Amino acid sequence: MEVKARAPGKIILSGEHAVVHGCTAVAASIDLYTYASLSFPSPSSENDDTLNLRLKDSGLEFSWQIERLKDALSNLGCPFPSKPISCPTESLKSISMLVEEQSIPEAKIALASGLSAFLWLYTSIQGFKPATVVINSDLPLGSGLGSSAAFCVSLSAVFLSLSDSMNKDRSQQGWLIFEDSELQLLNKWAFEGEKIIHGKPSGIDNTVSTYGNMIKFKSGDLTRIKSSLPLRMLITNTRVGRNTKALVAGVSERTLRHPDVMSSIFNAVDFISRELSAIIQSPTPDELSITEKEEKLEELMEMNQGLLQCMGVSHASIETILRTTLKYKLASKLTGAGGGGCVLTLLPSCILLFCSLPNLPVDYHFYFVVYLFVFYNDRCLDNMALRSQNSLISQQHGHR
Ligand SMILES: Nc1ncnc2c1ncn2[C@@H]1O[C@H](COP(=O)(O)OP(=O)(O)O)[C@@H](O)[C@H]1O
Ligand SMILES: C[C@@](O)(CCOP(=O)(O)O)CC(=O)O
Ligand SMILES: [Mg+2]
């Protein structure tokens with residue numbers, strides 16, 4: 001028996017970091033996914049006493065004897081899929097030891113927190129059953145596109161879909177449909193995984209990965225947003241690696257040193273996100289033309305970037321991209337935790353109009369923009385993949 005699920009990455013249009021401190025942020029899912037599959041061994045299989053995790057992108061494979069897992073995590077008792085709880089400190093210590101025993105190569109040590117999240121989610125939802133889990137991803141890891149959340153959401157989806165908490169009757173052509181309460185449960189579990197990777201996540205990344213589309217998020221509450229104008233964002237990867245946990249901790253330390261200043265900065269970001277979401281949602285045409293709306297969005301993105309600099313999360317590589325795009329009168333901001341990672345650039349409709357002129361190749365604007373970013377770009381997306389349905393899909397093959 002095998003179950004598969006996928007969960008998308010995201011971009012944050014405004015409000016990263018401030019959202020950790022209770023302010024509003026706006027995020028959208030993107031067309032890059034993390035894929036997870038779970039299979040249980042047949043009774044005659046050789047792998048019936050191990051839990052295996054295969055990370056296809058890094059070419060690494062990890063394996064734990066079920067008895068070893070039971071010894072280390074004996075205090076957990078029965079699995080509790082319908083009651084997401086935070087990993088207790090004692091269990092996290094035991095899990096860290098189980099991860100250390102795997103001797104991860106030094107260059108890939110950042111994966112350790114992902115492995116810990118995996119072990120916590122698996123043992124809490126599925127208990128101590130032998131299984132094989134395979135992961136692969138379109139997303140660059142540690143680049144601000146929410147790979148950690150997509151990892152936790154796709155894992156929670158496969159683990160829950162084979163647990164008693166799922167109603168298996170609601171399937172369409174082999175695809176299991178998650179109803180609202182099940183999505184909520186899965187989002188809560190994914191948040192617990194994110195906590196292990198990030199330390200203090202706001203929950204925006206796992207929420208947008210679970211529900212798809214575009215969302216406004218504040219203090220754990222989500223509001224779905226429908227954009228009334230075609231927003232196109234270029235995503236540029238600086239390829240400077242960084243770690244969200246350290247950046248979030250750095251902002252919290254700065255907040256302790258300068259509480260009043262930081263509170264004003266967060267407050268300003270809150271206003272930016274609220275104004276940005278209002279502009280995105282306001283009907284077109286209204287009193288503002290598309291161009292006027294885009295100009296406002298550009299200004300808000302630039303202001304948000306300035307405030308992120310004040311929080312101490314920009315980076316020389318990000319500043320280089322800001323300067324480069326500014327030469328072409330394009331506005332940019334970092335997305336995600338910053339410190340490297342990815343930068344967003346709004347592609348206004350005047351560039352897009354260019355490509356709809358007769359006799360111009362359809363992809364003209366795309367190549368034009370790619371040309372601008374050729375030195376920096378890892379991946380160009382000309383579309384934010386605004387999804388009309390849940391982006392989570394889980395497919396069952398056969399039955400146990
Ligand atoms: N496909 C994956 N396989 C294993 N671990 C992953 C995967 N995707 C994400 N992770 C975990 O998440 C970490 C990156 O998360 P983070 O620093 O929050 O950056 P981002 O979420 O922006 O990509 C990785 O170092 C790893 O621990
Ligand atoms: C910085 C933050 O706002 C977003 C982090 O996103 P990412 O892990 O860099 O993709 C943290 C959070 O909201 O949990
Ligand atoms: Mg992350």
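Which residues are linked with Asp 270 in a network of salt bridges? I began my notebook with that, and I found that Lys 218, Asp 270 and Arg 274 are linked in such a network, where a salt bridge is a side-chain nitrogen of Lys or Arg within 4 Å of a carboxyl oxygen of Asp or Glu.

**Ground rules**

I noted that this is a predicted model, in which local features need pLDDT of at least 70 and side-chain atom pairs count only at pLDDT 80 or more, while totals for chains, interfaces and linings use all residues. Residues are numbered from 1 along each chain as its sequence is written, chains are lettered from A and ligands numbered from 1 in the order in which they are written, and side-chain values use heavy atoms, with hydrogens and water left out.

**Salt bridges**

I looked up the total and found nine salt bridges in the structure. Side chains of opposite charge can pair when their charged atoms come close.

In the bridge between Arg 274 and Asp 270, the closest N and O atoms are 2.9 Å apart. These two residues are four residues apart in helix 8 (residues 259–281), so about one helical turn separates them; helices (H or I, at least four residues) and strands (E, at least two) are DSSP runs, numbered from the N terminus. I then checked exposure, for which buried means under 20% relative accessible area, exposed over 50%, and partly exposed in between (1.4 Å probe, protein chains only). Arg 274 is partly exposed at 40%, whereas Asp 270 is buried at 4%.

Glu 90 and Lys 93 form another salt bridge, with their closest N and O atoms 3.4 Å apart. They sit three residues apart in helix 2 (residues 89–100), and so are also separated by about one helical turn. Lys 93 has a relative accessibility of 49% and counts as partly exposed.

Asp 205 and Lys 10 also form a salt bridge, and here the closest N and O atoms are 2.9 Å apart. This pair links distant parts of the chain, because Asp 205 is in helix 6 and Lys 10 in strand 1, 195 residues apart. Asp 205 is buried at 10% relative accessibility, and Lys 10 is buried at 3%.

**Ligand 2**

I next asked which residues come nearest to ligand 2. Of the 19 residues around ligand 2, they are Lys 10, Ser 202, Arg 242, Thr 244 and Ala 337, and a residue counts as near if one of its heavy atoms lies within 4 Å.

For polar contacts I used pairs of N or O atoms within 3.5 Å; within protein, one must be able to donate a hydrogen and the other to accept it, and residues adjacent in sequence count only if both atoms are side-chain atoms. An N or O atom in the side chain of Thr 244 lies 2.8 Å from an oxygen atom of ligand 2, and a polar backbone atom of Ala 337 lies 2.9 Å from an oxygen atom of ligand 2. Taken alone, ligand 2 exposes 380 Å², of which the protein buries 98%; accessible areas come from the Shrake-Rupley method with a 1.4 Å probe, and for residues only the protein chains shown count as cover.

**Ligand 1**

Around ligand 1 there are also 19 residues, and Ala 110, Gly 142, Gly 144, Ser 147 and His 198 come nearest. A backbone N or O atom of Ala 110 is 2.8 Å from an oxygen atom of ligand 1, and a polar backbone atom of Gly 144 is 2.8 Å from an oxygen atom of ligand 1. Ligand 1 exposes 560 Å² when taken alone, and the protein buries 94% of that. Helix 3 (111–125), helix 4 and helix 5 are the elements that give two or more residues to the shell around ligand 1.

**Magnesium ion**

I looked up what coordinates the magnesium ion (ligand 3), and found Ser 148 (OG) and His 198 (NE2), at 2.2 to 2.4 Å. Donors here are N, O and S atoms within 2.8 Å of the metal (3.2 Å for Na, K and Ca), and water is not among the atoms, so sites may look incomplete. Ser 148 lies in helix 4 (residues 147–161) and His 198 in helix 5 (residues 180–198), so the pair ties together parts that are 50 residues apart in sequence. Ser 148 is buried at 13%, and His 198 is buried at 9%.
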